[in-house]
Amino acid sequence: MNISVDRDKCCGAGTCVLLAPEVFDQRDEDGIVVLLDKQPPAELHATVQEAASVCPAAAISVSENV
């Protein structure tokens, strides 16, 4: 799994951080997403997929390694 975030799209809702704090964080000054782990372990994949799907700004992209 590879994760990327579009900070220009991010609205700072923070749902990704609530769901997967091991993978996502937010900047203190404006709440914009910070990607902590671009390739998280397998046990976090379902949670990361959920975070991407509930992101109100669709700022998180997830692709599977082949």
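(Asp, Glu, Lys and Arg count as charged, Ala, Val, Leu, Ile, Met, Phe, Trp, Tyr, Cys and Pro as nonpolar, and the others, Gly among them, as polar.) A cavity here is a set of points on a 1 Å grid over the protein atoms alone where a 1.4 Å probe fits but cannot get out, and lining residues have an atom within 4 Å of a point. This is a predicted model, so to speak of local features pLDDT must be at least 70, side-chain atom pairs count only at pLDDT 80 or more, and totals for chains, interfaces and linings use all residues. Residues are numbered from 1 along each chain as its sequence is written, and side-chain values use heavy atoms, with hydrogens and water left out.

Now select C10, A13, G14, C16 and C55: of the 13 lining residues, these lie nearest the cavity's centre. The space inside is about 80 Å³.

Next, pick I3, C16, V23, F24, V48 and I60, which have the most contacts inside the largest nonpolar core, a group of 17 residues. (Such a core is a set of buried Ala, Val, Leu, Ile, Met, Phe, Trp, Tyr and Cys residues joined through side-chain atoms within 4.5 Å; buried means under 20% relative accessible area, exposed over 50%, partly exposed in between, with a 1.4 Å probe and protein chains only.)

Last stop: D6. With a relative accessible area of 30%, D6 is partly exposed.

How values were computed: 1 Å grid on protein atoms, 1.4 Å probe; cavity = no way out; pocket = protein on both sides within 12 Å on 5 of 7 lines; lining within 4 Å. Points joined across faces, edges and corners; volume = space filled by probe spheres on them.
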